[in-house]
Amino acid sequence: MFNEKEVVTRILNGDMRAFELLVKQYEKLVFYVTFRMVKEQQAAEDICQEVFIKVYNSLVRFNFQSKLSTWIARIAYLTAINYTRKYYREKSSEYPDDLENYHFTNDTPEHLLTKKDTANYVELLILQLPEKYRTVLTLYHLNEFSGPEIVQITGMPEGTVKNYLFRARKLLKEKLEVYLKNELP
Amino acid sequence: MKEMDDDELQRLIENSKELPAGRTLNDGEKAYHALLEVLKSEPENGLPYNFAAKVTRHIQAEQKHKSEWKYNLATAAILLCLVVSLCGVMAVFGAISLATLLKYKWLIILLPVVFIVIQHFDQVLVKTRAFRNNLNN
């Protein structure tokens, strides 16, 4: 079993095998957060590497006031945010307030026909959601963080986190409902 | 049976992360059910199997690079001190005049600088390439 205190102590004592263990333990968490934010495999890999280098260099300042996973997820979130701001110029002010009227770009019937299955379809929809909605959905459902932990990671107010979760799931459900109706005999 | 609205359905998700089993689901509930299944399943994309080893090697190389720089700087400083001390001793015992020393002061300073430049190019051109080759293998 992964004992975070023991592993952190070993890393601080210079044990690189312990650090490799830590990377293996949290690489999926970091990848899911970054991939859903930047939407590119190679960029996500580069960010993951940067995140773990930051983790290694800052580990001495980690004081166990939060879970290690929450702390790493916050570093991943902030690094990916910086990346998107630098390369995509995607700003939060550009996000629609009225998500119910959000239009997905490739929602044509032709495109629907090419979808392999529901999972691929939902993944495609998620990747088209505004950044903050994608992040909250990923942290909650995929990384299984609680509401207060997502607040710690993203710095958003709890009400906003709940609101984003609700609206994103409702929108995805509405799209999926139409898709399933068309798909099922 | 009364249909649940989105608010109620999502509250159920919040509390148990599962929708009630053993009841006939309407289209909206079916969609939520399918959505939940997808949301908790891992995406197909992922990191390469040797990602952890790569990151670790990268950090080790950076550490080595940093310590080599510290070592080089320390060596250059010691070298400079030695040369200055030697010149000082020679000047005190009259083997060399102060004017001659001042004449060659840039040469004395240049010595540790040349040492650092050689070490730097050795790291940049030779060791970095060797590290990259090592990473790719």
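H141(A) is buried, at a relative accessible area of 6% (buried is under 20%, exposed over 50% and partly exposed in between, with a 1.4 Å probe and protein chains only). This is a predicted model, where local features need pLDDT of at least 70 and side-chain atom pairs count only at pLDDT 80 or more, while totals for chains, interfaces and linings use all residues. Residues are numbered from 1 along each chain as its sequence is written, chains are lettered from A and ligands numbered from 1 in the order in which they are written, and side-chain values use heavy atoms, with hydrogens and water left out.

- On chain A's side, H141(A), R169(A) and K173(A) supply 17% of the area buried against chain B, more than any other three residues.
- In residue terms, 38 from chain A and 35 from chain B take part in the contact, with contact meaning heavy atoms within 4.5 Å.

- K28(A) and E42(B) pair up through their side chains in a salt bridge, at 3.3 Å from N to O.
- Six residue pairs, both at pLDDT 80 or more, are in polar contact between chain A and chain B (N or O atoms within 3.5 Å; within protein, one must be able to donate a hydrogen and the other to accept it, and residues adjacent in sequence count only if both atoms are side-chain atoms).

**What chain A brings**

- Elements giving two or more residues to the side of chain A that touches chain B are α2 (16-38), α3 (41-58), α6 (118-128), α7 (131-142) and α9 (158-183) of chain A (helices are DSSP runs of H or I, at least four residues, and strands of E, at least two, numbered from the N terminus).
- Helix α2(A) gives the largest share of that side, eleven residues.

**Two residues up close**

- H141(A) sits in helix α7 of chain A, and its side chain makes a polar contact with that of R169(A) at 3.1 Å.
- V23(A), in helix α2 of chain A, is buried, with a relative accessible area of 0%.
- Beyond its neighbours within four places in sequence, V23(A) is in contact with F52(A), F51(B) and A52(B).

Technical notes
Buried area is the accessible area (1.4 Å probe) that two parts lose on being put together, summed over both. A salt bridge is a side-chain nitrogen of Lys or Arg within 4 Å of a carboxyl oxygen of Asp or Glu.
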